[in-house]
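Please look over the sequence and the model below.

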Amino acid sequence: MKIHNMEDIVNTAKEMKLGVPAAVSGAADLHVIEPVLKGKQDGYIRPVLIGDEAKITEILRQCGEDPRDGYEIVDAKDDAKICAATVRLIKEKKAKMVIKGLIETGTLLSALLNDDTGIGKTDCVSACGLLELEKYHKLIAFSDPGVNTFPDLTRKAGIIRNGVSMLHAIGVETPKVAVLSSIEKVNPKQPDTVEADQLKQMNQRGEISGCIVEGPISLDLAIQKESAEIKGYESPVAGDADLLVVPDILCGNMLIKGIGYFGDAKDASLVLGLEVPVLFGSRGGPIEGKYRSMALAAIYAHVHIRDNE
């Protein structure tokens, strides 16, 4: 699998005709249905539409679709029933990814994470994004901009494992991980540098595997070889990072929103660490971003869920 950009991700998912069953939670909304229809037509997802059946049927007809033509609809009139149906489909192995629709993110996430009634999960659930940037020579992932507020060392190790698993799914054999800070030296007065160094040591001991971890490292050194050369900073990660790991949600949120506003980036994002990948993108966001995220989730599910069954 050779994936160099977002177009490769979409084309790979289309060419493989994965048909990954996808629970669309809260599907009674045109902005939700549109990208889902495109994913279905391109053959990489097989949606199960959960929500008000009458409204979903009407939206499908508005889009020129026959609701009886390959569409599975689960009638659920409120959020509680939508969540219950989503969890049931995953537990019955009838859904291998979740697409959030017309339902609050916190409501759906709480249902999925519930210790008694939710789905399987690892010790860390995290958001991981993937970017194609005009000024960077390859796709680059970043985590965690949206789930873990102030992750401790254990959580950060989990965040790295989740991000690495996503990169493995798209063919990056040994991802180079940059644990970001404002400086490159360990400073006891700056706890994020201490944890970055500990994560690097965990990688060297094999506790975090399948990647190369460097840290603490500043953003410029992680993505610019020239800056690393000028500062005399030597590392296989310098100027060639595949995954940027931020210290906390504030840094991650500002980084991704800054890139989105000031740069011309193509993005995709997943929530990982649960039994299946989850898409929590905004309903009002661009269709193209949702479409790319669905393709990424389909590839991820195909690689990892298949291997674990």
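This is a predicted model: local features need pLDDT of at least 70, side-chain atom pairs count only at pLDDT 80 or more; totals for chains, interfaces and linings use all residues.

Residues are numbered from 1 along each chain as its sequence is written, and side-chain values use heavy atoms, leaving out hydrogens and water.

Start with helix α1, residues 6-16. Helices are DSSP runs of H or I with at least four residues, strands are E runs of at least two, and both are numbered from the N terminus. At the start of α1, a side-chain oxygen of Asn 5 comes to within 3.2 Å of the backbone nitrogen of Glu 7. Several α1 residues are buried, among them Met 6, Ile 9 and Val 10; buried means under 20% relative accessible area, with a 1.4 Å probe and protein chains only. Lys 17 follows α1 and has a positive phi, near 45°.

Next come α6 (residues 153-169) and α7 (residues 191-204), which pack at about 55° with axes 10 Å apart. That angle makes α6 oblique to α7; oblique covers what is left after under 35 degrees (roughly parallel), over 145 (roughly antiparallel) and 65 to 115 (roughly perpendicular). The contact (heavy atoms within 4.5 Å) includes Leu 153 and Ile 160 of α6 and Leu 199 and Met 202 of α7.

Finally, find Glu 214 in strand β8, residues 212-217. Glu 214 is buried, at 7% relative accessible area. The side chains of Glu 214 and Ser 235 are joined by a polar contact of 2.7 Å. Such a contact is a pair of N or O atoms within 3.5 Å; within protein, one must be able to donate a hydrogen and the other to accept it, and residues adjacent in sequence count only if both atoms are side-chain atoms.

Definitions and conventions:
Buried means under 20% relative accessible area, exposed over 50%, partly exposed in between (1.4 Å probe, protein chains only). Axes are lines fitted to C-alpha atoms, for helices over the stretch in contact, and angles run from 0 to 180 degrees between N-to-C directions.
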